[in-house]
Amino acid sequence: EAKAGNRGSYSFFSNEMNLRAQERLALENALREAIEQQQLRLHYQPQVMVEDGRLYGVEALARWHHPVLGEISPARFIPLAEESGLIGNLGLWVLEEACRQLADWQSRGIAVPSVAVNLSPTSFHNVELPDIISALLARYQLEPARLMLEITENVLIDGNAATLDTIQEVHALGVKLSMDDFGTGYSSLSYLRRLPVSELKLDKSFVHDLAHDQTAQALSEAVIRIGESLNLVVVAEGVEDEKQLKLLRQQGFHVIQGFYLAKPLPAPMLEGWLQKRTANV
Ligand code: C2E
Ligand code: MG
Ligand code: MG
Ligand code: MG
């Protein structure tokens, strides 16, 4: 009897695992199709200068609306794309779409100074990346400095030899680099000396805890000091209320981004936001 019970539970688990593997495979195939057929969309979240409320730039964030499952979060499909080898193509699509949109705004006289694109570490394994970006900038007639690439502290961790070279080549084009989610990675500060970033983005988890956590406050002050001494623009992401904004302003943050200003929006809605807004920072 015990034997039969064991066998029963064994096959139960293996069925459940099969089901999960099947679901995953189905989602992976759907994502592959969505990338190929250009069914992903970009939303744009404004970033605003603390000092005078001017628009600093926008961050492009990928969105996937699955025909049956509905909206699927990047927190789910970006890791899936990374694990299944789709992230390279996804990154290239995002780059092109962001450049196309920036050129469109430019041609219509809508003043968006720059667009930031998130790139996974894997994208920098592609030694063609600098040439691809250079061709995009030429095709859309964009000044390189209007493109910001957001990388994370983990970008050098996998030890891929091409990564640092590729990053430096991209930088040599005049494209800007930002250290995203700063403070959450495993890296030591020495990475900052090797990566030619011009911007630090304090991770939103620190901003979230700012008002009620002395440690988060101390760390965000430290990030400001590091940024100022290295001459970097320091950005706070995930700003949700006035209290956080006030603290960040006191600490000397240059740029803020978060729901307090606007959620990530489809391009036409961002345009509406830009038109309506009175400098509220
Ligand atoms: P991230 O690059 O750090 O982007 C910021 C995330 O915080 C976005 O989540 C944004 O919607 C969210 N956010 C903005 N303001 C607030 C706020 O005030 N409060 C809170 N709670 N959240 C806020 P999203 O769009 O879900 O993206 C999550 C992550 O997925 C991104 O984090 C980025 O790491 C990744 N991701 C998104 N789009 C892309 C992409 O095109 N390529 C790659 N490689 N990664 C992407
Ligand atoms: Mg980002
Ligand atoms: Mg971030
Ligand atoms: Mg983040």
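## Close-up views of a predicted model

**View 1**

**View 2. Glu59 meets Lys201.** Here the side chains of Glu59 and Lys201 form a salt bridge, at 2.8 Å from N to O. Glu59 comes from strand E2 (residues 55-66) and Lys201 from strand E7 (residues 199-202), so this pair ties together parts that are 142 residues apart in sequence. Are Glu59 and Lys201 buried or exposed? Both Glu59 and Lys201 are buried.

**View 3. Lys201 also pairs with Glu150.** Stay with Lys201 for a moment: Lys201 forms a salt bridge with Glu150 too, and the closest N and O atoms are 2.8 Å apart. Lys201 is in strand E7, while Glu150 is in strand E5 (residues 147-152), so the pair links parts that are 51 residues apart in sequence. Glu150 is buried, as is Lys201. Which residues belong to the network of salt bridges that share partners? Glu59, Glu150, Lys201 and Glu237 are joined into one network. Across the model, the count comes to 11 salt bridges.

**View 4. Ser123 in a loop.** Look for Ser123 in the loop between strand E4 (115-118) and helix H4. Its relative accessibility is 7%, which is why Ser123 counts as buried: the cut-off for that word is under 20%. Which residues touch Ser123, once its neighbours within four places in sequence are left aside? Ser123 is then in contact with Ile87 and Leu129.

**View 5. A negative patch on the surface.** Four residues, Glu128, Asp131, Asp165 and Glu169, form a negative surface patch. One of them, Asp131, lies in helix H4, which runs over residues 129-139. Why does Asp131 count as exposed? The relative accessibility of Asp131 is 54%, and the cut-off for exposed is over 50%, so Asp131 qualifies.

**View 6. Stepping back to the whole chain.** With the close-ups done, here is the setting they share. The chain contains 10 helices and nine strands. Along its principal axes, the C-alpha trace spans about 75 × 50 × 45 Å. The chain has 281 residues, and 46% of them count as buried. Among contacts with a separation of 6 or more, 67% are between residues 24 or more positions apart. The accessible surface of the chain is about 14700 Å², and carbon and sulfur atoms account for 52% of that surface. As for charge, there are 25 positive and 36 negative side chains. The centres of these two sets lie 3 Å apart.

Terms used. Residues are numbered from 1 along each chain as its sequence is written. Chains are lettered from A and ligands numbered from 1 in the order in which they are written. This is a predicted model: local features need pLDDT of at least 70, side-chain atom pairs count only at pLDDT 80 or more; totals for chains, interfaces and linings use all residues. Side-chain values use heavy atoms; hydrogens and water are left out. Patches are made of residues with over 30% relative accessible area and no salt bridge: like charges are joined within 9 Å, nonpolar side chains (Val, Leu, Ile, Met, Phe, Trp, Tyr) within 5 Å. Accessible areas come from the Shrake-Rupley method with a 1.4 Å probe; for residues, only the protein chains shown count as cover. Lys and Arg count as positive and Asp and Glu as negative; His and the chain ends are not counted. The place of a charge is taken as NZ of Lys, CZ of Arg, CG of Asp or CD of Glu. Helices (H or I, at least four residues) and strands (E, at least two) are DSSP runs, numbered from the N terminus. Buried means under 20% relative accessible area, exposed over 50%, partly exposed in between (1.4 Å probe, protein chains only). Contact means heavy atoms within 4.5 Å.
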